[in-house]
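Here are my notes on this one, jotted down as numbered points. Have the model open while you read them.

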Amino acid sequence: MKDRDHSTISEKFSSLLGERIKCLSCKKPKAKFNEELCLSIPLVKGELPPAEYFQVSSTSSESDNENEESTSIKTKKAKFNSSKYFNTSLDQGLTQYLNLETLDADQKLYCSTCKSQTQVSKQTELWELPEVLVVHVKRFVFSAEDMDFEKVHEEISYEKEMTIQST
Ligand SMILES: [Zn+2]
């Protein structure tokens, strides 16, 4: 582990994270530590919303006139329950952030034991928490329909007090 930076900002805001990477072929684990000033937590539960979700959010904002098209868009929006697809609490987002995940086949890493690019699992651990924890919610998800990133505007709920245990 490299020397930690002891500036005032680092002391107040910096978390020490452990990252465990395991090669799924030889099962050899690797660990490294990172200092982060902000935790970027995911919003998506693993399932992307249907294409209508993105069509609604991108077209409804520019249709103020009451024509037939905008009426049908409003009906669709009312029926669609987006909370089924996204985390709505900070607690859920943090849990997902710390979950063991298997990286996609197109995110293979080089394993020095297997001497090839292999599929890996990854888990993040909180080793030291700062005085002030800054959390960033990753609100942009990729829409295959539009081939672009779209912002999710769901409200995120959170408890007034949370207990987060470091490893
Ligand atoms: Zn390996």
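1. Strand 1 and strand 2 run antiparallel and are joined by eight bridges; strands count as paired if DSSP finds at least two bridges between them. Leu-17 sits opposite Asn-34 of strand 2. Five residues separate the two strands of the hairpin. Helices and strands here are DSSP runs (H or I, at least four residues, for helices; E, at least two, for strands), numbered from the N terminus.

2. Some housekeeping before going further. This is a predicted model, with local features needing pLDDT of at least 70, side-chain atom pairs counting only at pLDDT 80 or more, and totals for chains, interfaces and linings using all residues. Residue numbers start from 1 along each chain as its sequence is written.

3. Now the turn of that hairpin. Lys-27, in the loop between strand 1 and strand 2, has a positive phi of about 65° without being a glycine. Lys-27 is exposed because it has 9 other C-beta atoms within 10 Å. The cut-offs: 20 or more other C-beta atoms within 10 Å of a residue's own make it buried, 12 or fewer make it exposed, and anything in between is partly exposed, with C-beta atoms placed from the backbone.

4. Lys-115 belongs to the loop between strand 5 (109–111) and strand 6 (116–118), and with 8 C-beta neighbours inside 10 Å it counts as exposed.

5. On to the sheet around the hairpin. Four strands make an open, antiparallel sheet in the order 2-1-7-4. Strand 2 (29–36) and strand 4 (101–102) are at the edges with a single partner strand each, so one side of each has no neighbour in the sheet. None of the eight residues of strand 2 is buried, so that strand lies largely in the open.

6. What joins strand 1 to strand 7? Strand 1 (residues 15–23) is linked to strand 7 by eight bridges, and the two run antiparallel. Glu-19 stands opposite Thr-124 in strand 7.

7. Leaving out residues up to four places away in sequence, Thr-124 touches Leu-17, Glu-19, Tyr-97 and Leu-98; a contact means C-beta atoms, placed from the backbone, within 7 Å.

8. Of the 167 residues, 6% count as buried. Among contacts with a separation of 6 or more, 68% come from residues 24 or more positions apart.

9. Finally, confidence. The mean pLDDT (the predictor's confidence in each residue, from 0 to 100) is 77, and 71% of the residues reach 70 or more. Over residues 56–63 pLDDT stays under 50, and the model has 10 contacts beyond four places in sequence for them. Residues 71–83 also stay under 50, with 16 such contacts.

Technical notes:
Two residues are in contact if their C-beta atoms, placed from the backbone, lie within 7 Å.
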